[in-house]
Amino acid sequence: MKVVIIDYGAGNTRSVQLTLERIGIHARLTDEADEIRAADKVIFPGVGHARSAMDVLRDKKLDTLIPSLRQPVLGICLGMQLLCTQSEEGDTPCLGIFDEQVKLFPASGKVPHMGWNTATASDAALFPAGWYYFVHSYYVPLSSYTVLGCDYITGFAAAIHRDNFYGVQFHPEKSGKTGEVLLTNFLKL
Amino acid sequence: MLAKRIIPCLDIRDGRTVKGINFENIRDAGDAVELARIYALQGADELVLLDITATHEKRKTLYELVGRVAAEVNIPFTVGGGISTVEDVGMLLSNGADKISVNSAAVRNKKLIAGIADKYGSQCVVLAIDARQEEGRWIVYLNGGRVHTGIDLYDWAREAEQLGAGEILFTSMDHDGTRDGFALDALRHLSEHVRIPVIASGGAGRMVHFRDVFTHGIADAALAASVFHFGQISIPNLKDYLSSQNISIRPQLK
């Protein structure tokens, strides 16, 4: 199985790669359109600011490539948020696969939402409910796309799914055994 | 519900842990990778690796160690000790660290926190502050407690938050090593003073101290070293106890 991690300078790619190696998968880091298109599974990670991330995706012409992919694609953290229509972070237009607005957490609690929190499943067959490690200041609202929900200041989507696109707000590569199970499930799709 | 975090801290010298370790079934008690792996299995929520040699010549050893920990450990870990440039941070993150912690260098160079946060994001910047109470004020110390600054703990914490720090790791020098409990009042005040998470350090001796630091101290996380390394408190027992005290923790996977 060919697994690629989209390389666009968005941090934490090494952690994702090392975690996949622990579960027996060697994933290539790449920004090459042909290699991404030919992969069986695509992982779209991300840490940082939505606007600068979208700028890099546009420079590399990945902003048109990613929505055209037909194999399973997993967005992680900022990667999930970039799959939505728009982010309040820098009022950034994103990739538009999920018709959702990414919002900043209200100031009534500590932001970022950082640490381990429980995600509850509305589609348990896909991704397991359990404890996951989160670090984020912006969130995707609950909707019909939600497959895992979480609660911090407000209810929000911990995982989303539409067609061949999947997104997780938490970091499965840093979420212990539960995260490894989730990644294994994704790779079996 | 967001869990309170339990964070063992490993002191590292030349790629090896320095404090004595008292665990059964451990293959090499001085091997930081082995110890990190065991703590992760026991249910630690994060790890901190503190490089106490922190000399320039030894950096390569540290980078290699970070790479090996990242390959073995499936929970977040922070690396601190001797970080003074954005380039240092880049090397640690690219070897697999999730966060870095800065201390003295961030006081001496106010551009450091902002430089790291701009390039890598606030989520990876932990500001470590060592402070001691003097005539009713908490005063920041540098260089492992050797250099008095006259700077107020709460002022510096808030300034660092504005510069882009993502978390504050506060060690009370008055409590560190006493095993008499954490600096609860100062922690509570600090936690109310900033809007980023606060990690409590210094004074852990008994399980009740961890309960108190989360209830009275309203800390988001608690860090300790020797009580874990010497086996006085085991993380699974601590988590069972905190659960029984109605504190939100992440249970160990059975």
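**Exercise 1.** Does A:Asp55 count as buried, partly exposed or exposed, and what is its relative accessibility? Determine also which side chain A:Asp55 meets in a salt bridge.

*Solution.* The model examined here is predicted.
Step 1. Buried means under 20% relative accessible area and exposed means over 50%, with partly exposed in between. The relative accessibility of A:Asp55 is 35%, so this residue counts as partly exposed.
Step 2. The side chain of A:Asp55 meets that of A:Arg58 in a salt bridge, at 2.9 Å from N to O. A:Arg58 has a relative accessible area of 39% and is therefore partly exposed.

**Exercise 2.** Describe the setting of the salt bridge between B:Glu192 and B:Arg188.

*Solution.* 
Step 1. The two side chains meet at 3.6 Å, N to O. Helix α7 (residues 184-193) of chain B contains both B:Glu192 and B:Arg188, four residues apart, about one turn of the helix.
Step 2. B:Glu192 counts as exposed because its relative accessibility is 54%, while B:Arg188, at 35%, counts as partly exposed.

**Exercise 3.** Why is helix α1 (residues 13-22) of chain A largely enclosed by the rest of the structure?

*Solution.* 
Step 1. Seven of the 10 residues of α1(A) are buried, so the helix is largely enclosed. These buried residues are A:Thr13, A:Ser15, A:Val16, A:Gln17, A:Leu18, A:Thr19 and A:Leu20.
Step 2. The cover over them includes β1 (3-6), β2 (27-30), β3 (41-44), β4 (73-76) and α6 (176-188) of chain A, together with α2 (59-72) of chain B.
Step 3. After the helix comes A:Gly24, with a positive phi near 90°.

**Exercise 4.** State the strand order of the nine-strand open sheet of chain A, then locate strand β13 (residues 165-168) of chain A among its partners.

*Solution.* 
Step 1. The order is β2-β1-β3-β4-β13-β12-β11-β8-β9, with mixed pairing. β2 and β9 (130-136) of chain A stand at the edges with a single partner strand each, so one side of each has no neighbour in the sheet. On average, neighbouring strands are turned by 30° against each other, direction ignored.
Step 2. β4(A) and β13(A) run parallel and are joined by four bridges; A:Leu74 stands opposite A:Tyr166.
Step 3. Strand β12 (residues 154-162) of chain A pairs with β13(A) in the antiparallel sense, also over four bridges. Here A:Arg162 has A:Phe165 as its bridge partner. The two strands form a hairpin with two residues between them, and A:Asp163 in the turn has a positive phi of about 55°.
Step 4. Both faces of β13(A) are covered: A:Phe165 and A:Gly167 are buried on one side, and A:Tyr166 and A:Val168 on the other.

Notes
Residues numbered from 1 in each chain as written. Chains lettered and ligands numbered in written order. Predicted model: local features only at pLDDT ≥ 70, side-chain atom pairs only at ≥ 80, totals over all residues. Heavy atoms only, no water. Buried < 20%, exposed > 50% of the residue type's maximum accessible area, 1.4 Å probe, protein only. Contact = heavy atoms within 4.5 Å. Pairing = 2+ DSSP bridges. Axes fitted to C-alpha atoms, helices over the stretch in contact; angles between N-to-C directions. Salt bridge = Lys/Arg side-chain N within 4 Å of Asp/Glu carboxyl O.
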